[in-house]
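Have a look at the sequence and the fold, then read on.

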Amino acid sequence: MTSQNTSFDESGQFAWDATSLKNWYKCPRYYQYTNLEGWSSPHLSVHLKFGQVYADALEHYYKHIANGESPEKALSLVVHQALIDTWVYPEEDYCPETNPGKPWDSLHNAKTRETLIRSIVWYFAHFEDDPMPTVTLANGKPAVELSFRLPVNDDIILCGHMDRIVEYTGGNYVMDQKTTGGAIGSYFFDGFNPDEQMSMYTYAGNIVFGLPIKGVIIDAAKINVGFTDFGRGFTHRSKGSLEEWYDQTMYTIETARHHTKENYFPMNTQSCGNYGGCSFRKICQLSPESRPNFLKGNFVQRPRWDPLKPRT
Amino acid sequence: MTDTPDQPTIQELFERDPSAYDEDTILRIINELREKRKHWAAGNKSAGNLKKKAPAAPKLTKAQEEVKSLGLTTGKLDLTSLLTKK
């Protein structure tokens with residue numbers, strides 16, 4: 001199961017992205033089930049699928065623009081791709097006439113295939129008058145689709161993927177997209193400080209790309225049944241905050257690797273009820289000897305999370 | 001944008017395999033969704049205006065509430081004063 005994984009050595013995970021850190025902070029047992037053992041729900045969460053296709057579309061739009069496409073053509077390309085990504089093709093015997101497949105059914109009232117395509121089109125209409133130019137890197141290339149690997153102390157690698165670095169009101173920012181069903185206001189944007197992803201992006205942006213990054217701009221989309229609303233928020237990081245984040249992150253990684261070596265992952269019982277309840281709550285409620293069978297019966301074991309795996 | 005009898009509706013397009021879409025079909029979907037946004041924005045704006053212009057309902061006195069609860073209509077007769085004198 002793990003032979004192909006490039007982010008682990010005999011002492012545990014050495015390549016860490018924000019998702020891995022978040023999973024560890026959430027609960028060491030959750031980290032064990034997801035990152036180390038690869039257990040996940042058999043069905044991809046509607047929120048994950050919706051958010052993935054939406055973020056990909058917006059990211060690829062700017063890649064097309066950087067490659068010289070017109071805004072209209074770029075939008076056409078990403079809308080077409082999003083339609084294809086949300087079409088369920090048959091696993092066998094695909095035939096456009098007789099066996100074409102079917103549209104993705106999200107089983108969600110607001111996050112549907114149509115509201116996804118609508119949100120992509122409306123995003124560019126909403127921010128039409130407030131564009132943010134993409135920063136040009138020192139190598140002359142536009143700062144879009146930026147995967148980074150940052151070697152730090154003790155042979156640890158911090159890694160991740162940024163959509164774009166932009167210039168806005170005289171500063172450089174990492175650009176990120178979020179979709180939500182809740183209200184977009186100061187409470188929503190407040191949730192990104194502290195936040196592992198936003199701190200890591202700012203930290204890595206400064207070092208890897210040699211740009212003075214002030215923080216992250218978050219373009220949020222609230223998906224409603226009849227319309228999509230948008231909001232733009234900022235989350236800043238000072239030099240001192242980033243230094244503190246780095247020290248804490250290294251301490252956390254060391255702790256997680258120690259626990260991996262000891263094969264001991266205590267539950268963080270204060271996290272069980274967060275965000276609608278942990279998906280492994282039912283497993284943790286069982287007696288330890290019963291858990292392996294229930295995991296096999298209710299979850300699927302996918303390849304171990306590998307942050308260094310190149311994006312396709 | 002309206003659908004002609006020869007053209008599938010947007011809803012019908014969403015039910016079809018997108019692999020074979022040509023550029024015109026994609027543009028039609030995009031333009032249709034832009035139109036929807038314009039309608040939504042216009043509706044939102046007029047709803048906002050209505051909300052601003054709508055006068056606040058006058059607050060009823062306790063006596064008027066009592067009259068209302070009895071199902072009586074005051075007409076030109078001042079039942080409120082009658083009730084308060086009772």
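## What counts as buried

A residue is called buried when its relative accessible area is under 20%. Keep in mind that this is a predicted model.

With that cut-off in hand, take helix H1 of chain A, which covers residues 18-26. Its buried residues are A:Ala18, A:Ser20, A:Leu21, A:Asn23 and A:Trp24. What do the buried residues of H1(A) pack against? Quite a list, as it turns out: strands E2 (12-13), E3 (15-16) and E8 (157-168), plus helices H2 (28-36), H7 (196-208) and H8 (239-262), each of them in chain A.

## Chain A overall

Chain A is built from 10 helices and 12 strands. Its radius of gyration is 21 Å, close to the 20 Å that the globule rule gives for 312 residues, so chain A is as compact as a globular protein of that length. Along the principal axes, its C-alpha trace spans about 55 × 55 × 35 Å.

Of the 312 residues in chain A, 48% are buried. Take the contacts in chain A between residues at least 6 apart in sequence: 69% of them join residues at least 24 apart.

## The nonpolar cores

Which members of the largest nonpolar core touch the most other members? Those are A:Trp16, A:Leu158, A:Met162, A:Ile165 and A:Phe209, out of 44 residues. H8(A) provides the largest share of this core, with 6 residues. There's also a second, separate core of 41 residues, which includes A:Trp104, A:Leu116, A:Phe127 and, from the other chain, B:Ile26.

Setting aside neighbours within four places in sequence, A:Leu158 is in contact with A:Trp16, A:Phe148, A:Arg149, A:Leu150, A:Val152, A:Met200, A:Tyr203, A:Trp245, A:Thr249 and A:Ile253.

## Chain B

Buried residues make up 22% of its 86 residues.

Among contacts in chain B between residues at least 6 apart in sequence, 14% join residues at least 24 apart. The accessible surface of chain B is about 6800 Å², and 56% of that belongs to carbon and sulfur atoms.

Conventions:
Residues are numbered from 1 along each chain as its sequence is written. Chains are lettered from A and ligands numbered from 1 in the order in which they are written. This is a predicted model: local features need pLDDT of at least 70, side-chain atom pairs count only at pLDDT 80 or more; totals for chains, interfaces and linings use all residues. Side-chain values use heavy atoms; hydrogens and water are left out. Helices (H or I, at least four residues) and strands (E, at least two) are DSSP runs, numbered from the N terminus. The radius of gyration is taken over C-alpha atoms; the globule rule is 2.2 Å times the number of residues to the power 0.38. Buried means under 20% relative accessible area, exposed over 50%, partly exposed in between (1.4 Å probe, protein chains only). Contact means heavy atoms within 4.5 Å. A nonpolar core is a set of buried Ala, Val, Leu, Ile, Met, Phe, Trp, Tyr and Cys residues joined through side-chain atoms within 4.5 Å. Accessible areas come from the Shrake-Rupley method with a 1.4 Å probe; for residues, only the protein chains shown count as cover.
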